[in-house]
Amino acid sequence: MNNYSVLLVDDEEEVIHVIMKKINWEGLGFCVAGHANNGVKALELMEECQPDVVMTDIRMPFMDGLELSRRIKAEYPATKILFFTGFDEFEYARGAVHLEVEEYILKPVNSVELTNVFTQLKIKLDQEISEKRNVEILQKYYMESLPLLQANFYTSLIEGSIPEEEIPGYLSDYQLSLPGPFYCCVVIHTSSSQVPANINPLLLATSVHRQAQERLAGRWHAKCFSYLGNTILIPQLNTEGGVAELTDECDRFCKYARSIIGAVVTAGIGPVCDTILALAQSYLGAREAVSYRAIYGAARAINVQEVVPGELIQPGPANDAEVAGLLKMIRLGSEKDVIQAADLYVRHTSFPNKSLQQHHVDRMELVSTLYRFALNNDISAQGFSEDIRMQYSSLFDLEPAAFREWLINCSLAFRENLIHARNKSTRSFVGKAEEYVRHNYGDEDLSLDRVCEELGVSNSYFSSVFKKEKGNSFIRYLTDYRLEQAAAQLIETSEKSYMIAKNVGYADPNYFSYVFKRKFGVSPSKYRREHTEGED
């Protein structure tokens with residue numbers, strides 16, 4: 001089992017260094033993931049390293065240990081918290097904090113006492129994870145799956161095989177409620193190839209299913225069941241825009257599953273619909289979203305409406321797995337994958353015992369499918385004529401080798417067009433986010449949530465794309481932009497520092513001075529003197 005991670009928080013750097021040196025962290029089964037000298041910095045590090053344990057002082061500038069603990073418990077409830085504090089603050093801490101704090105440690109820190117505390121904490125953490133991985137508990141979770149009749153109904157619903165007039169009867173007979181008013185489908189896929197040692201993949205998937213019920217189903221009034229080896233959720237939303245918050249919640253669940261259960265989980269979110277009959281279409285979109293883990297990575301949530309630029313979510317051609325496979329490779333595969341899929345299609349449709357009419361039908365269906373695909377994705381590929389009748393007639397006369405060449409060239413052109421569309425879409429909303437910051441950086445309430453709400457995307461998707469595009473997190477970009485504006489105002493105006501702080505979105509001038517010095521190495525007043533001396 002890997003070491004548990006610890007975040008140390010104290011405004012006295014020497015205290016942190018003493019603690020790091022006094023304790024044999026590796027021998028105790030821990031590692032120090034980072035340290036911070038105030039609560040604000042600690043919260044920034046929480047997002048990056050998500051430690052198992054936070055050991056914090058109480059009295060610190062900008063945000064004290066009590067407020068930090070409340071924020072951590074609200075956003076990262078699984079994190080263990082330790083307080084170490086002076087004697088005069090000890091009773092205050094015990095009486096004031098109504099949180100699940102593991103231990104209170106008096107300063108100065110004693111290495112023997114601290115070793116005992118972390119030894120006991122290691123036992124507790126091991127027991128918690130052991131309980132979640134215990135085979136008997138997994139077997140119990142497996143036996144406690146949804147009743148068969150309800151599971152069959154949900155399965156038929158996403159397959160689109162229940163007539164509309166029969167749905168009220170099923171809901172009544174099976175005592176089910178789906179009031180909506182909006183719905184979508186979530187496919188939770190557990191990797192069967194990335195599994196902890198000595199854990200059965202089926203039992204691991206069952207544990208993920210149980211955790212999804214506990215952590216997601218209740219809040220979203222979601223129906224939860226198993227289908228084709230995946231966990232399926234049918235959440236109910238108050239508004240269409242609620243899907244962004246759902247995406248973020250699913251993203252946090254994927255990270256939780258990996259850190260606690262050891263499972264690599266991808267959650268695909270389908271389009272929002274306003275009738276349960278349309279859930280079959282949303283399910284197809286959710287499956288499509290899970291496939292995009294090949295591009296965006298696993299262990300995360302993927303909203304199909306965020307990652308498929310301008311594309312209508314539609315099923316592939318009926319009874320034609322080869323065409324469906326080709327379209328999938330055009331969306332997600334490499335050039336080699338596209339060529340292999342095209343070759344597979346050509347081999348499948350080039351049997352010698354087929355009549356000329358059958359060959360014509362095959363090629364007509366292929367051109368129609370590619371034509372719809374191009375329209376749905378706003379593709380104008382070289383060699384794919386806008387006059388579809390001419391396209392049909394020209395392809396009828398092509399020999400197999402020439403037809404193969406045409407199909408490969410057309411498919412590769414489609415693939416390049418989609419890659420360009422995805423990149424253009426990404427750059428577009430990153431640019432909109434930058435523009436929004438330029439116009440609103442002086443608003444102290446400007447935040448990641450606010451920008452994502454303005455753009456209509458989930459926090460998790462925006463954060464990953466913004467960092468990939470800009471090489472930095474959005475919060476870091478916002479901070480840097482505000483400080484650059486502040487630096488310019490210090491040089492170009494005679495405004496007081498506290499007014500400049502307010503101008504660039506900082507309500508607390510002390511915290512403004514702190515972050516300014518962290519970036520530029522000097523206080524705002526010294527920065528002004530250094531850059532205006534000698535000017536008249």
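**A helix pair up close**

Author: The chain holds 25 helices and 12 strands, where helices (H or I, at least four residues) and strands (E, at least two) are DSSP runs numbered from the N terminus. This is a predicted model, in which local features need pLDDT of at least 70, side-chain atom pairs count only at pLDDT 80 or more, and totals for chains, interfaces and linings use all residues. Residues are numbered from 1 along each chain as its sequence is written, and side-chain values use heavy atoms, with hydrogens and water left out.

Now to the pair itself. Helix 10 (residues 201–217) and helix 11 (residues 242–261) have axes that come within 11 Å and cross at roughly 135°; axes are lines fitted to C-alpha atoms, for helices over the stretch in contact, and angles run from 0 to 180 degrees between N-to-C directions. Helix 10 and helix 11 are therefore oblique to each other, since angles under 35 degrees count as roughly parallel, over 145 as roughly antiparallel, 65 to 115 as roughly perpendicular and the rest as oblique.

Which residues meet there? From helix 10 come L204, S207, V208, Q211, A212, R215 and L216, and from helix 11 come E249, C250, F253, Y256 and I261, with contact meaning heavy atoms within 4.5 Å. By class, this contact of helix 10 with helix 11 has eight nonpolar, two polar and two charged residues.

As for the surroundings, buried residues (under 20% relative accessible area, 1.4 Å probe, protein chains only) make up 47% of the 536 residues in the chain. Among contacts in the chain between residues at least 6 apart in sequence, 68% join residues at least 24 apart.

Notes. Ala, Val, Leu, Ile, Met, Phe, Trp, Tyr, Cys and Pro count as nonpolar, Asp, Glu, Lys and Arg as charged, and the others, Gly among them, as polar. Buried means under 20% relative accessible area, exposed over 50%, partly exposed in between (1.4 Å probe, protein chains only).
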